[in-house]
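Work through the exercises below with the sequence and the model open. Each task is followed by a stepwise solution.

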Amino acid sequence: MKARTHDLAAATALLGAVIIVPDLPTMTLATVVTAFIANQLGGIAPDIDQPTAPFWRNLPIGGIFGRMVGKMLGGHRFITHSIIGMVLVGFLLKLFLAFVQPILPSVQMDIVWWAFMIGMASHLMMDSFTKEGVPWLLPIPVKFGIPPVKHFRITTGKWTENFVAFPLLLIIVAALVAANYTDLWLFLHQNIVR
Ligand SMILES: [Zn+2]
């Protein structure tokens, strides 16, 4: 799927988490901003195994690097698109965030970690709706999809992604906001320290 679909899906999942998780802690504004950025990065992170990923396209020699990293990670939709890959990334991210914590003392790194992981999980979920499927259970080399019958799944970049998946996500966001308006309003006013 395209990066913008993944970014919207990541934000949708994050919104869902804000609504579902009870008793969210009070957050600093720095945490909220960093968490949102982390969420968006998490949403596209698995596609670093793809030489044409936007992540690589923006770098001058990104094409070469992208291909190298892609090869190292086993080609598109391999380790970064699996549960074991998520656990590995989650572990490395924990170490990284603990390392930068002293530089950013006002950022609650546990929230940032969750926001990134939610973004990453949403990526695997979204890719599962495509014809290619996702090797969730690597090293078991089977790609899973929703629904299991390939014919009913989405082809990346085709009209089903642009005119069904993307608008559907927008509708979900609008519906979530509308249905939980008061709770979200309270969350913004009570849980965020300015
Ligand atoms: Zn992907």
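**Exercise 1: Lys94**

Lys94 lies in helix H5 (residues 83-100), where a helix is a DSSP run of H or I with at least four residues, numbered from the N terminus. The model is predicted: local features need pLDDT of at least 70, side-chain atom pairs count only at pLDDT 80 or more, and totals for chains, interfaces and linings use all residues. Residues are numbered from 1 along each chain as its sequence is written.

Task: is Lys94 buried, exposed or partly exposed?

Solution. Step 1: a residue is buried with 20 or more other C-beta atoms within 10 Å of its own, exposed with 12 or fewer, and partly exposed in between; C-beta atoms are placed from the backbone. Step 2: Lys94 has 14 C-beta neighbours inside 10 Å, so Lys94 counts as partly exposed.

**Exercise 2: H1 and H7**

Task: determine how H1 and helix H7 (residues 159-179) pack.

Solution. Step 1: the angle is about 25° and the axes are 10 Å apart; axes are lines fitted to C-alpha atoms over the stretch in contact, and angles run from 0 to 180 degrees between N-to-C directions. Step 2: angles under 35 degrees count as roughly parallel, over 145 as roughly antiparallel, 65 to 115 as roughly perpendicular and the rest as oblique. Step 3: H1 and H7 are therefore roughly parallel to each other. Step 4: residues in the contact (C-beta atoms, placed from the backbone, within 7 Å) include Leu8 and Leu15 of H1 and Phe166 and Leu169 of H7.

**Exercise 3: Val112**

Task: which residues does Val112 touch, not counting those up to four places away in sequence?

Solution. Val112 touches Thr31, Thr34, Ala35, Ala38, Leu97 and Val107.

Conventions. Helices (H or I, at least four residues) and strands (E, at least two) are DSSP runs, numbered from the N terminus. Two residues are in contact if their C-beta atoms, placed from the backbone, lie within 7 Å.
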